[in-house]
Amino acid sequence: MASEEASLRALESLMTEFFHNCTTNERKREIEELLNNFAQQIGAWRFCLYFLSSTRNDYVMMYSLTVFENLINKMWLGVPSQDKMEIRSCLPKLLLAHHKTLPYFIRNKLCKVIVDIGRQDWPMFYHDFFTNILQLIQSPVTTPLGLIMLKTTSEELACPREDLSVARKEELRKLLLDQVQTVLGLLTGILESIWDKHSVTAATPPPSPSSGESGGDLLSSLLQSPSAAKLLNQPIPILDTESEYICSLALECLAHLFSWIPLSASITPSLLTTIFHFARFGCDTRARKMSSVNGSSQNSVLGQERGRLGILAMSCINELMSKNCVPMEFEEYLLRMFQQTFYLLQKITKENNAHTVKSRLEELDESYIEKFTDFLRLFVSVHLRRIESYSQFPVVEFLALLFKYTFHQPTHEGYFSCLDIWTLFLDYLTSKIKSRLADKEAVFNRYEDALVLLLTEVLNRIQFRYNQAQLEELDDETLDDDQQTEWQRYLRQSLEVVAKVMELLPTHAFSTLFPVLQDNLEVYLGLQQFVITSGTGHRLNITAENDCRRLHCSLRDLSSLLQAVGRLAEYFIGDVFAARFTDALTVVERLVKVTLYGSQIKLYNIETAVPSVLKPDLIDVHAQSLAALQAYSHWLAQYYSEVHRQNPEQFISLVSTALEAITPLISSKVQEKLLLSACHLLVSLATTVRPVFLIRIPAVQKVFNRITDTSAQRLPDKAQVLVCRALSNVLLLPWPNLPESEQQWAVRSTNHASLISALTREYRHLKSSAILPQRKVRLEDTKVIIHQTLSILEDTVESISGESTKSRQICYQSLQESVQVSLALFPAFIHQSDVTDEMLSFFLTLFQGLRVQMGVPFTEQIIQTFLNMFTREQLAESILHEGSTGCRVVEKFLKILQVVVQEPGQVFKPFLPSIISLCMEQVYPIIAERSSPDVKAELFELLFRVLHHNWRYFFKSSVLASVQRGIAEEQMENEAQFSAIMQAFGQSFLQPDIHLFKQNLFYLETLNTKQKLYHKKIFRTTMLFQFVNVLLQVLVHKSHDLLQEEIGIAIYNMASVDFDSFYSAFLTEFLASCDGVDSNQKNVLGRNFKMDRDLPSFTQNVHRLVNDLRYYRLCNDSLPPGTVKL
């Protein structure tokens, strides 16, 4: 025994040394190697058994259990059966003897090791594995241990990992399903008996009627049966610590079981009722009060434990709720579940003298509230349509409870989650009304009051007037992942709910919102009387602290309400334009008035008593009023088309006034937020509304002069681009409602040419100087000119790319000289990747929008210039040495070529050979071996487009030939290039980048769907099974597991070209080439692959083959060296 004793002491000192903070990493590696070598020895488990029973050192116990875990999961097949029997009998004995004294993490690990043995050997060699667990549960002394074993069994056997064959996985699931009824019966029994035992002793007097805890009106309507109501009204028992612990384990078991067992009669009404009893623990605030009154830490821990039981019970309920497939016989159970949960909801939203709802919710555990919200979300999203038809389920009362629950949430996150539930409900209602036009009115009448209440309350919640304390807590500075602040997210989610109600009840929504907007507008429009003009400028004469605070709140609210009004613009256009015309006109008139007022009295430049607060408020209101007006541009466009022939005076006045409000703001002295809002509105008027008289309005002419005047100070980049887009569109876009003959293209064309000429003057002068060597200072100035000009030109082209041919022709005529300058400058800047990047962006936009207008000769010249400039050396420099900008340059170049190869007709076909050779001989060799994904996606998209749009370049098919010879083989041309492209695709599947893998698999599948790629002779005879082989290997190596389904389908599509060869030749060859499995196992794998020819069965066979192949390799790796297999 000495050797075991000595080994134990040595191990203990090694472990202590390993975890000591003075041990170096070098020494830790040595110790680790030593321990690994020890674990690999045959028979090491005997030492570990001794260590487990003889040490108190946690590290040593954990190490010993890891050795067992490794033995069972990786080497079990090679362990002699005598040893297995010994291990199966010793470990459970050890657990029984020490489970009370072991630290919980060691005990849980030991349980898992025993369950691992069961996973391998039950029922054949370990027949009493499950009966032992049931016995442990039934014996009061070991109930907790039995429950831990049961939960571990459910986790490890119901959804086992990779290291089992598919047949064994199916067998285990079947074995477990056979036990479900017994297990659920046992768990119900445990929970019921603990509840009953403690209920009897908890002889608390019934609550007095004034405490508001009594049954409640809704309860009787919900539960139908008085006995159930009475049951749920019993006081909650006070449990001792041991009972708490057992109940929490039982509920954890149930939650895991419910995650995989199907809904069926095994889940009995008594089990459901019991779970609900425990869910009440979460909404019992008395448990917490008691603990705080008695003050002892023991009691407060008890209060938390009781809350935890409620959380666990809600987890069980939510597991059942999340199942969408509900058998008929289970629907009644569901109804009962909802009734019981709504009883709980009523309980936690009940007001009485002592509590407001909010303070009550604040007392509950945050996790319990989260679980409860999850329940409500699942109810609305999954089951509402099913339950709403039950006459005995009071949906409107439920909404009243949900309303209370939503608007008393103690946290912002909780409130957001509840708003999501309302959004789901409103979506459900909208689709229901659309699909059931017959009883539309009945549905409206049923829900109208609830929706109006919801709307009013959500609007109140976004106003400082009603909700200042909460709104001031919201952060309006830090941006989240969606680039919005907490305040913006709060407002946006609230306005989405408002918009959805508006869609259902337009008149109600408008009559609720508009008066509130009016009130705040009166305050804003009334500020004029407080403006004093002094020597230094304007000043707002409101100084009292209280007045400033009230003004701040009113301005913040006005800003939010303007956003709300803007959000609703879409509900005034289209079919309902005429019906809601008056309301919309009222809104637009107010908005135009407000924007003009802000610009005239220059509130954005005014001095205030609290500049850090009031100035941003005033700027924001002004910007939001412009943005809200912009939202109505589609309404203005529809208004224009309705009135342009009769009496357009009112329309003209609206547009002219709006422009008077915009023009003063287009200045570099105005704050950027406000400037950009004005520019966006100008763009919308020019692009969406397009009134014929826009060009004649003095305000617009003023902007033209401002932009083309080189002495005027340039606007910030973004604003400059927007204003130029607006002016260009005024001249380029066809006027609505007018025939071609009245479009005045000649005048507009001249004006556009002079606009572009003025904007590009400096840029065009670069052409002469670009040839000279640049000095450093000059180079920087030149780069600025290039950047500023190209950003405007690119935007101009982009904004008309979808428009009529005439607009594009005029645009190109104006740009022609600048485009030629760009092409001349390009070679001079080829080594400045930031400039090349901008130039290629511009050319890409030209190719996408104006390639027809550019004409063939010039397009050819551009492509040829690029092909000459991008030599192998230049590509290598860009990709390998210039970092991300260099890669972007090459990507844009490839994008331009994508546009070229997609062009129908014969025009650009002569470029195909040089494009393919550029791809395959110059770009591909540089990037093929790099692990970085840069450039690859664009290159493969280009190769895909080459094949997809130029199929005849490779496969000449003559209709006549195919008719004469039946399914004649097509003639193949450019075979070497085709093979090289296919090989590149094949290589890409061997690389780790999952996005590229997914994209390229999609490209191959598309080529097969559209062009029958897999059926082509060259593919079928030389490539097909290579691709299948690569895809199978990818599945076996689990390198791209997220794409399992897509890979399975692709393998099917390839194999289905020639199933006979797949089954007779390929499969046999594939298995023969597999290493790590013996011939017997290969035969089994072959036999298990059924010769199915339908997609679902075939992909199932593929996944089975992959799983079992991995399993056999694992088993074989675990056999001791020199094992002889018969």
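Student: Which residues are linked with E69 in a network of salt bridges?

Tutor: Good place to start! E69, K109, K112, D116 and R119 are linked in such a network. Keep in mind that this is a predicted model. The general idea is that side chains of opposite charge can pair when their charged atoms come close.

Student: How many salt bridges does the count come to?

Tutor: The count comes to 41 salt bridges. Let's look at a few of them.

Student: Which residue forms a salt bridge with E413?

Tutor: That partner is R489, and the closest N and O atoms of the pair are 3.1 Å apart. Because E413 sits in helix 20 (residues 412-435) and R489 in helix 23 (residues 486-504), the pair ties together parts that are 76 residues apart in sequence.

Student: What does the side chain of E496 meet in a salt bridge?

Tutor: The side chain of R567, with 2.9 Å from N to O. This pair also links distant parts of the chain: E496 belongs to helix 23, while R567 belongs to helix 25 (residues 545-567), 71 residues apart. Helix 23 is also where we found R489. As for accessibility, E496 is partly exposed at 28%, and R567 is partly exposed at 24%.

Student: Where do E941 and R945 lie?

Tutor: Both are in helix 42 (residues 936-949), and because they are 4 residues apart, about one helical turn separates them. E941 and R945 are both buried.

Student: Now the wider view. How many helices and strands are there in the protein chain?

Tutor: The chain has 52 helices and 4 strands. Its C-alpha atoms fill a box of roughly 105 × 85 × 70 Å along the principal axes.

Student: What share of the residues count as buried?

Tutor: Of the 1126 residues, 53% count as buried. The accessible surface of the chain comes to about 50,500 Å², and 54% of that belongs to carbon and sulfur atoms.

Methods
Residues are numbered from 1 along each chain as its sequence is written. This is a predicted model: local features need pLDDT of at least 70, side-chain atom pairs count only at pLDDT 80 or more; totals for chains, interfaces and linings use all residues. Side-chain values use heavy atoms; hydrogens and water are left out. A salt bridge is a side-chain nitrogen of Lys or Arg within 4 Å of a carboxyl oxygen of Asp or Glu. Helices (H or I, at least four residues) and strands (E, at least two) are DSSP runs, numbered from the N terminus. Buried means under 20% relative accessible area, exposed over 50%, partly exposed in between (1.4 Å probe, protein chains only). Accessible areas come from the Shrake-Rupley method with a 1.4 Å probe; for residues, only the protein chains shown count as cover.
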